[in-house]
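Let's take a walk through this structure together, one region at a time. Keep the 3D view open and turn it as you read.

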Amino acid sequence: MYRLFLAIRYLLTRPINLLGMFGIALSVWALVVVVSLFSGFIATVEEHVHSASADVSVSNLPAWAKWSKLRAALADEPNLSAMAPRLVHYGLIHHPGKRPAPPPLPGRTALHGGDQPFLFVLGIHAAEEAAATGFGGWITDPDIAPELRVKDPQNALAPQHGVPSVLLGVERMRAEGLRPGDTLVLTTGVLRTAPDGTKSPQQVQIPLVIAGAYKTKHGGFDGNNLFVDIGTLQQELLEGDTDAVHEIAIAVRDESQLDETADRIARIVHRAVDRGDQMARGTAQTWREKNLAFLQSVEHQRALLKIVLIVIMVTAAFLMLATLSMMVTEKTSDIGILTAMGGTPLGVTSVFLACGLTITAIGVLLGIGVGSLTAIYLEEVRQALLWAFGIDLFPLQVYNLDRVPCHIDPLWLVQVAGMAFGTGFVVSVLPALRAALYDPLISLRGT
Amino acid sequence: MTPPVLAASGITKNYRLGKQSIPVLRGVDLAVQQGEILALLGASGAGKSTLLHVLGLLDQPTTGEILFDGEPVQNLPVRERARLRHSHTGFVFQFYHLIPELTALQNVMLAGMMTKSVLQYWAIRKQARREATEILEQVGLADRLKHRPSELSGGERQRVAIARALLARPRVILADEPTGNLDSTTADGVVDLMFRIQKERNLAFVLVTHDEDLAQRADRIVRMKDGVVLSSAAVR
Ligand SMILES: Nc1ncnc2c1ncn2[C@@H]1O[C@H](COP(=O)(O)OP(=O)(O)OP(=O)(O)O)[C@@H](O)[C@H]1O
Ligand SMILES: [Mg+2]
């Protein structure tokens, strides 16, 4: 009993110990809030990326791949619910008679697609694409202003007055002041084979008319891709080869089987196009694999932040070590009398250990509690800060969000608590050990 | 005849100082009977404090035996010796050794918590508080319960220390120059108090002192020099 009693008295009479407690609480708080925010952000980014991707994408197909053959082969895959062919090309677009588009905004290229006019040109079959991806939703997204919408979503890419249609990301439309009905010129090139067998690049310009805007949740996709009808590209670039395909967008029935399905699809594709060249037989990637570099970059940021915050926790632990050591130094004189009154050396030592552990426990509980609350009400906190100080913690528009993302992982809470307890234990044991090594008779002989 | 409450036989104690071994006690025999006041006199450095620590199981003798009620105790496990320090002997020191964060009452109550678990103590908390209050009343500090040591005079502090030593109802009190830090009037008061309680409770009392007059009030005077007992004589 005396241990608990003394530990409490020692702590209550030394407000400086609050410093260590506060330090631990603060670092735990930061670990909970920042990591929850990042986990929420990662979950949101994944959702956004997924919404702009097919469940499985077959790509890197060789030039001789034929859509009819691949479609027939893939029809055997039981977990496949829909598939759509794509041609993937690149090009510059410009608006004839208008000033060139402004240069990319600094820092907005990576996530947001920026404003570079060099784009992916995706040739799709609108009806099949709508079955295999979220295409149908992308062109009817309620966030698209009515004047920018596609007039006839059922025939989104139908040519207008003989001119092929194009769909642009809504942000690009807005930024460049484009409207449905505006004409654009897509400038691109192909390698043409001359009769003597030499290949040479040839410029191709395709006039296009804007049918409307599309919007996925992944701004980076919208900024960098435009959709045209697959027939347009087959006609203009592939000499009318209506069976050409570069990529296949596939929707699956059962998402939990995604990886296995992708593996099976890869094997089907290999068999269908294999001509003995390891490099040219296509790949099948899940949406996660296809965006792996991007998703991992966000996860790396989270990992880095974890390290930084753990370092802060260790710093807080040092603070605690300092205050506890000071206390032990001050209280060695009590060790003698406690021993004389019937304390064992171990028991007296544990008074100091109990002090440290109490500080740690309260700090951790405080940090976890307040941290979880902050994380849950992060959006409210953001709005309060915005209202009170005009500080925006997390600019939502940049990331296409309507509230600050947050995902509290109970396992992470346990890990943080465990880490904090671990460091707290170590810094409590060290001064307590010093107390244990102290000879109680020294204080009893002297003052 | 009942065995002495506290006895020492053939006690030697060497301190190691580097490679050197310094003999501080060189064969001390001593017995204290229940109800007896024994004064321990000797020049500074004679080994009085060391002997007292050995008698109270605070320090281990190099050789020799400590007997409580005739039973050897110096080789008992650490926990057992701690329990005996608590229940068999009470210590009073020259410099009080009160815990500055605690009030007088809490300092005394602390002695009652030493060997009890939280649950055990919780069950008797009211009674424990009452007993501590009563003892402080006995030593004349009824109106000083809530004072911290820094708010008490030297004499009052020593009274708190005496109350603390008595709380666990020990059979032996070991006092190391308990009045060494007090003026003579205050010292007289403290000594009167100690001897009165000693009589009331029929305690064995070992009193280390440099004060010949004080020693004359004991039942027996043991004189030490250089770690040996020179003489042991009954007073009057
Ligand atoms: N830890 C130690 N290491 C070495 N020598 C020690 C130690 N403690 C005490 N001594 C020596 O033991 C001897 C006896 O000390 P002790 O404190 O018992 O004397 P004392 O009779 O109580 O003296 P005083 O009247 O001044 O209190 C002294 O010479 C002291 O230097
Ligand atoms: Mg001494």
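This is a predicted model: local features need pLDDT of at least 70, side-chain atom pairs count only at pLDDT 80 or more; totals for chains, interfaces and linings use all residues.

Helix α1(B) gives the largest share of the shell around ligand 1, namely three residues. In total, 14 residues surround ligand 1, and the closest are Arg445(A), Ser44(B), Lys48(B), Ser49(B) and Thr50(B). Look at the chain letters in that list: residues from chains A and B surround ligand 1, so the site is shared between chains. Sorted by class, the shell holds five nonpolar, six polar and three charged residues.

Now zoom in on the oxygen atoms of the ligand. A polar side-chain atom of Lys48(B) lies 2.7 Å from one oxygen atom of ligand 1. The side chain of Ser49(B) also has an N or O atom 2.7 Å from an oxygen atom of ligand 1. With Gly45(B) it is the backbone that takes part, as one of its N or O atoms lies 2.9 Å from a ligand oxygen. How much of ligand 1 does the protein cover? Of the 630 Å² of accessible area that ligand 1 has on its own, the protein covers 67%. Two elements of chain B, β1 (6-17) and α1 (48-55), are those that give two or more residues to the shell.

Let's stay in chain B and move to its sheet. Here six strands form an open sheet with mixed pairing, in the order β6-β7-β8-β3-β9-β10. At the edges you will find β6 (89-92) and β10 (228-234), each of which pairs on one side only. From one strand to the next, the twist averages 15°. Helix α6 of chain B, residues 154-167, packs on this sheet and touches β6 and β7 (172-176). The direction of α6 makes about 170° with that of β6(B).

Strand β3 (residues 37-42) of chain B is a handy one to follow. It runs parallel to β8 (residues 204-208) of chain B, joined by four bridges, and Leu40(B) has Val208(B) as its bridge partner. Strand β3(B) also runs parallel to β9 (residues 220-225) of chain B, this time with five bridges; there, Gly42(B) is partnered with Met224(B). Next comes an antiparallel pair, β9(B) and β10(B), joined by six bridges, in which Ile221(B) has Ala233(B) as its bridge partner. These two strands form a hairpin with two residues between them, and Asp226(B) in the turn has a positive phi of about 50°.

Chain A has a hairpin of its own to visit. Its strands β5 (residues 183-193) and β6 pair in the antiparallel sense over 11 bridges, with Thr188(A) standing opposite Val204(A). Five residues lie between the strands of this hairpin, where Gly197(A) takes a positive phi near 95°. Strand β6 (residues 199-214) of chain A also pairs with β4 (residues 165-169) of chain A, in the parallel sense and over five bridges. In that pairing, Gly169(A) stands opposite Tyr214(A).

Our last stop is a place where helices of the two chains meet. The axes of α1 (residues 2-12) of chain A and α3 (residues 104-113) of chain B come within 9 Å and cross at roughly 145°. From α1(A), the contact is made by Tyr2(A), Phe5(A), Leu6(A) and Arg9(A), and from α3(B) by Gln106(B), Leu110(B) and Met113(B). By class, this contact has five nonpolar residues, one polar and one charged.

Methods. Residues are numbered from 1 along each chain as its sequence is written. Chains are lettered from A and ligands numbered from 1 in the order in which they are written. Side-chain values use heavy atoms; hydrogens and water are left out. A residue is near a molecule or strand if one of its heavy atoms lies within 4 Å of it. A polar contact is a pair of N or O atoms within 3.5 Å; within protein, one must be able to donate a hydrogen and the other to accept it, and residues adjacent in sequence count only if both atoms are side-chain atoms. Accessible areas come from the Shrake-Rupley method with a 1.4 Å probe; for residues, only the protein chains shown count as cover. Ala, Val, Leu, Ile, Met, Phe, Trp, Tyr, Cys and Pro count as nonpolar, Asp, Glu, Lys and Arg as charged, and the others, Gly among them, as polar. Two strands pair if DSSP finds at least two bridges between them. Axes are lines fitted to C-alpha atoms, for helices over the stretch in contact, and angles run from 0 to 180 degrees between N-to-C directions. Contact means heavy atoms within 4.5 Å.
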